[in-house]
Amino acid sequence: MNWWETIRTGLEAVRSHRLRSGLTVLGILIGIAAVILTVGLGLGAQQQITQQINSLGSNLLIVGPGSSTSSSGIRGGFGSASTLTETDATALASKVVAPDIAAVAPAVQRSESLTAGASNWTTTVVGTTPEWVTVRARTVASGRFLTTQDVTDHTAVVVLAATTAQELFGPRDAVGQTVTVSGVPLSVIGVLSPAGSTAVANEDDQAIVPLSTAAERLFGGATRTSVQNIYLQAQSSNTLSAAYQEAEAELSNLHHITTPANEDFTITSQQSILNTATSATQTLTVLLGGIAAISLLVGGVGVMNIMLVSVTERIREIGLRKALGATPRVIRRQFLVEASVLGLSGGVLGVLLGVVAGLGLAKLISQPVVISPLATLGALAVAVAIGLVFGVYPASRAARLAPIEALRSE
Amino acid sequence: MTTDLFPTLQFPLLELRDVSKTYRSGSIQVQALREACIAIREGEFVAITGPSGSGKSTLMHVLGCLDSPTSGAYRLAGQDVSTMSEEELADVRNRQIGFVFQQFNLLPSLTAGRNVELPLCYAGVPRAERSARAREALARVGLAHRVEHRPGELSGGQQQRVAIARALVTDPALILADEPTGNLDSASTTDVLNLLAELHTAGRTIVLITHEADVAAAAARTVHTLDGAIFDDTGVHQGSTHRA
Ligand SMILES: Nc1ncnc2c1ncn2[C@@H]1O[C@H](COP(=O)(O)OP(=O)(O)OP(=O)(O)O)[C@@H](O)[C@H]1O
Ligand SMILES: [Mg+2]
């Protein structure tokens, strides 16, 4: 009997046992779809978090006040009693002191109520310098950003982030309008482009004013000389650690600190946030992968069961076919064809379902679902292999029995 | 002892010498065949009778290469079956032997036509020829109108006739039939016996198991089995060690 005939016989057997074939295909299908979905969700979360952190700005270092050490707890103060000053920022901007730092943006911030006509909106007001837009990797959608002139002159101007502009002015163009903060009227000179769909939501809800305006006219108090954060941008990702060291050395010098344990500032790199987040999401992916592997295993055991039962109940058929002149090889091939047809159709349908459900789920929960080719292939291989092993092995054993022995089996 | 038993030129097609078959289920042993000896020449029509459980079916299974004896030798067309490979055995079953089982053994998922075609599939006969020959064989057993029916949709007697058609379809030299008329009415029995007689006239060797004396009478030679032994062989050549 040639291969073509064998394939026809196998297909005939698959077709004539619809329920059994259907269940086998279903088992494989669900296992594979589950793997694709769960791994996809984990990878999606990982990708989203990476993008969110990247959207903070590229090659970013954030200098914050205070330092947490085991001996002294949190040194210095967060917020009002910040240990960082504009002088620190100016020093770090020096190409001589810190050649690997490309741009520096000191910032103060506070939650304030913004009023524009009848609209009222509470958001974060950030006082900073023109470099902020570069360091934080933002772009201006309309109007312009702050200039050095604005900072020197304490100009009463504000740049709104997209959501803030939307909340205050709706679809109207915000540029040229006036916003009142703490009784000070500020004229809107620009609106920022959205930070991107994956960014943290409040990146798009803030109002940027010149550092001097914030210090002198809006916030007052300690913020007159001190700043809460200094954003640094390294020349490139390769010089990030050099920039880190230069900043640490210069700040220690300026603050008269001799031992690193006494530092009254903390430098966080975007990379370190990323690493922490990545390791967290990797744990998530491993967890989801584990769940997926278990679902694949359960599906596999299901397929194994159906295959074993179906072959066992067909040992009589194998005996009869042998009695009519089938060689063990032909029997093996027939069952190989059957198991392959079931395995492959289950596999293909499972991949289809996994991908479609993944895309659907991504829409539904507005979170990316990443289809991993590796997980897909792995799941496919495992499911098909289980089908083949448990479909073909018992059949090939039965094919070695004397025909009458096989015919008599229950 | 049997070496000079066949002085004639005619070669025995089937030759059993001291064949025993013992079934073991747990500690219980059942000896279905006890040192059975029989020789059947080409073109013979032999009926095998005997009480239920006397080993008739077991004998047929050994003759049809469906089971191997526990001891003793079986030569088919001069060749020792125990030395034949799986492939050779499959080929013998496929081309030389047509088997009618006591329990029909039809595949329930296939139509009568496809069931009859099965041996032809394994013989590598092209599809068109296969279905033509299957229809022809079914027509010979009077089931031309049931080609597309599945075994579950047929009566016991009709299923038996499908099984007979399947045994005929390859045009084998040897037909082994285990109670082929067991489920048939007298008219159908006559039809089947006529069919077997026709095949016998055409030169086929036929071994037929039956309980009915008038069916056995259709054969030229009758062999009896009792308690696993073959005896009272009315043919020219007797081969039993259990001659009482
Ligand atoms: N697979 C088996 N395992 C154990 N014993 C068996 C097996 N097959 C047959 N036997 C026993 O071997 C003996 C001969 O059985 P066999 O089927 O050859 O009888 P038979 O002559 O065909 O009977 P019947 O006329 O009822 O069909 C019986 O005693 C039976 O119980
Ligand atoms: Mg019997």
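How far is an oxygen atom of ligand 1 from an N or O atom in the side chain of B:Thr58? I looked this up and found 2.6 Å.

**Entry 1: conventions.** I noted that the model is predicted, that local features need pLDDT of at least 70 and side-chain atom pairs pLDDT 80 or more, and that totals for chains, interfaces and linings use all residues. Residues are numbered from 1 along each chain as its sequence is written, chains are lettered from A and ligands numbered from 1 in the order in which they are written, and side-chain values use heavy atoms, with hydrogens and water left out.

**Entry 2: ligand 1.** I located ligand 1 between chains A and B. I found 15 residues surrounding ligand 1 (each with a heavy atom within 4 Å of it). The closest are B:Ser52, B:Gly53, B:Lys56, B:Ser57 and B:Thr58. For B:Lys56, I read 2.7 Å between a side-chain N or O atom and an oxygen atom of ligand 1. For B:Gly53, a backbone N or O atom lies 2.8 Å from a ligand 1 oxygen atom.

**Entry 3: two helices of chain A.** I then turned to H10 (residues 315-323) and H11 (residues 328-364) of chain A, whose axes come within 10 Å and cross at roughly 140 degrees. H10(A) is therefore oblique to H11(A) (angles under 35 degrees count as roughly parallel, over 145 as roughly antiparallel, 65 to 115 as roughly perpendicular and the rest as oblique). The contact (heavy atoms within 4.5 Å) involves A:Glu317, A:Ile318, A:Arg321 and A:Lys322 of H10(A), together with A:Pro328, A:Ile331, A:Gln334 and A:Phe335 of H11(A).

Technical notes:
Axes are lines fitted to C-alpha atoms, for helices over the stretch in contact, and angles run from 0 to 180 degrees between N-to-C directions. Helices (H or I, at least four residues) and strands (E, at least two) are DSSP runs, numbered from the N terminus. A polar contact is a pair of N or O atoms within 3.5 Å; within protein, one must be able to donate a hydrogen and the other to accept it, and residues adjacent in sequence count only if both atoms are side-chain atoms.
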